[in-house]
Amino acid sequence: MKLLRDTWLLFQRQILLMWRTPMWLFFAIAQPVTYLFLFTPFLQKALVPMGAASMKDVYNIYVPGLLVVMCFYTGLFAGFGLLAEVRMGILERARVTPVSRSALLLGRAARDVASMLVQCALITVMSFPFGLTVPLPNLLFAYVLLTVIGLMATAISYDIALTIKNEGALGSLLNTIGQPIALLAGVLLPLAIAPVWIQKLALLNPFSWATNSVRALFWGSLSDPVVWQGTAVVTVLAVITVILSTRLYSRNVS
Amino acid sequence: MIEIKELRKSYRSKRRNGTTTVDAVNGVDLSVAEGEIFGFLGPNGAGKTTTLRMLATLLAPDSGQARIAGVDLLADPAGVRRHIGYVAQGGGTWDEVTAREELVLQGRMHGLAKAEAQQRAAEALAAFQLDEYGDRWCKTYSGGQRRRLDIALGVVHRPKVLFLDEPTAGLDPQSRAHMWEEVRRLRAEGMTVFLTTHYLDEADSLCDRIAIIDHGRIVAEGTPDQLKQQISGNVVVVGLGGPTAQAETLLKDKPYVLKLETEGEDALRLYVDAGETAIPQVMRELTDGGVALSTIALHRPSLDDVFLTKTGRSLRES
């Protein structure tokens, strides 16, 4: 109860801060918008083997990957905000109060996930004029999945940030691990058209399961087994990484 | 209100030739009474902030005991947090929120309901003369306003004990004076204030009692006057404008002269019980003995003299 109250309290503060400094949203969606307008049109021929008969199909295949990669990168860089708050002395001030330690982390994580969903919503809406069509239940389920994916990426970022505790090193490290994970998740092009060895390697990547699930949902197949498999993989991993980061956090700050 | 016994904290630091252990706080004993302004005076790196952070539950001590407002620090840090406020050396607020919003959040983090937190925030803004800036973003605040907000945040839940880390570091003289008034006002309201400082004048005029810390150990403790008295009573400096030998012979066996030293070629430094009564006696003695004196000055020992006596170096130099 106290955990929920305190998490809500800190989440409200974090949302207020985002509301007052709206420039982040512009920078956050500038790149996905560029891909949406200038990269997707390249794909019509490339995606024919996937069964893409029209631009509408191309958007249905590409947009889910774009949403996953947005959640992935926004989450992955969430550790910076956390370290900045440590540097600003916000945590030290909060730690002398009886506020729940886990709430300090979860309130922030909730903010990061909320910012992802806003970005995803904008990109989804912008894709409709290009012919994106997705049944509403599938879309809602996809957003639930995106929330879990984002939470997992955020928790991974917090784990790394709390372990290395250095904003400079964090940037290089995240870029180094982020790129291969994103490519191996099939976010740009579906893994189905990749060589077999890459497909096998991708099985080890939880984000590729996530991408396949979201893509299946956008393609309209709610009953595709990859949907529940992907959901199971990311949910289990998200729970583990979130618990790990709250524990790391409590140890660092208690 | 605060009882500390044998508090210790050491850090391991990695060097090229293996790890070394630095004893940041090396067995500190202290007791602070209710309603006291207690000052922790020492040079940078002496262990002041480490001690303060341990007492504020931010850092776990290696060993020792401490009770704050009757609660055991090591056994129940969460219990201690209910009774204390802590103000760090700087920072602690977001840039794009107002002082009022920060005060409300702080109250709510202490478990207050929304309406009560808002009420307390309004009271705190008034008490710290921040009313007119209360709804401005924190990043627009001047140094002095910022510091007042920091302290307001530390006391919005009305703690019994307030810890202040270098409350006036970097402030201009006017803001410092203002800050001292705020701290005295909190004492008048019954709060116990424990602060660290490396300013001699702050320890001297603001604090009821002080402890001098150096290399993680307390080297002296008492009221500023007690400490100054402890080392020598008063000091009289007599300028002779010439050789000192004759004056030395005249004064050295007088009962009111505790100790006599030459200062340079033409002056004497006398350590006496009470400078005010010694001065006329010294003047009479020298005049009667036919020695002309050019200047005479009473030099009361400062806290820096205390520090110098206890540690062998001056706080101003370190």
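Which residues of β11(B) are buried on one side, and which on the other? I looked this up first, in what is a predicted model. Asn234(B), Val236(B) and Val238(B) are buried on one side of the strand, and Val235(B), Val237(B) and Gly239(B) are buried on the other, leaving both faces covered. I note that β11 of chain B spans residues 234-239 and that six of its six residues are buried.

Next I checked the strands paired with β11(B). Strand β13 (residues 267-272) of chain B runs antiparallel to β11(B) and is joined to it by six bridges.

I turned to salt bridges. The count over all chains is 30.

In chain B, Glu36(B) and Arg209(B) form a salt bridge with a closest N to O distance of 2.7 Å. This pair links distant parts of the chain, 173 residues apart: Glu36(B) is in the loop between β2 (18-32) and β3 (37-41), and Arg209(B) is in strand β9 (residues 209-214). I record both Glu36(B) and Arg209(B) as buried.

Another chain B pair is Arg146(B) with Asp150(B), again with closest N and O atoms 2.7 Å apart. Both residues belong to helix α5 of chain B and are four residues, or about one turn, apart. Asp150(B) has a relative accessibility of 8%, so it counts as buried. I also noted a network in which salt bridges with shared partners join Glu85(A), Arg108(A), Arg111(A) and Asp112(A).

Asp150(B) came up again when I searched for cavities. The whole structure has three cavities of 30 Å³ or more, and the largest cavity holds about 190 Å³ of space. Its lining has 20 residues, and Arg93(A), Tyr86(B), Val87(B), Ala88(B) and Asp150(B) lie nearest its centre. I find that α6 (90-95) of chain A, and β6 (84-87) and α5 of chain B, each give at least two residues to this lining.

The largest pocket holds about 1,000 Å³ of space. Of its 35 lining residues, Ala28(A), Tyr73(A), Thr74(A), Phe77(A) and Gln119(A) are the closest to the centre. Several helices of chain A each supply at least two lining residues, among them α2 (23-38), α4 (55-76) and α7 (101-127).

On the surface I found a nonpolar patch made of Tyr35(A), Leu183(A), Leu188(A), Leu189(A) and Ile193(A), with about 390 Å² of accessible area together. Of these, I placed Leu183(A) in helix α9 (residues 167-184) of chain A.

Last, I looked at backbone angles. Lys165(A) has a positive phi, near 50°, though it is not a glycine. Lys165(A) is in the loop between α8 (136-164) and α9 of chain A and is exposed, at 53% relative accessible area. Arg158(B), also not a glycine, has a positive phi near 55° and lies in the loop between α5 (143-155) and β7 (161-165) of chain B.

How values were computed
Residues numbered from 1 in each chain as written. Chains lettered and ligands numbered in written order. Predicted model: local features only at pLDDT ≥ 70, side-chain atom pairs only at ≥ 80, totals over all residues. Heavy atoms only, no water. Patch = residues over 30% accessible without salt bridge, like charges linked within 9 Å, V, L, I, M, F, W, Y side chains within 5 Å. Areas by Shrake-Rupley, 256 points an atom, 1.4 Å probe, with all protein chains shown as cover. Salt bridge = Lys/Arg side-chain N within 4 Å of Asp/Glu carboxyl O. Buried < 20%, exposed > 50% of the residue type's maximum accessible area, 1.4 Å probe, protein only. Pairing = 2+ DSSP bridges. 1 Å grid on protein atoms, 1.4 Å probe; cavity = no way out; pocket = protein on both sides within 12 Å on 5 of 7 lines; lining within 4 Å. Points joined across faces, edges and corners; volume = space filled by probe spheres on them.
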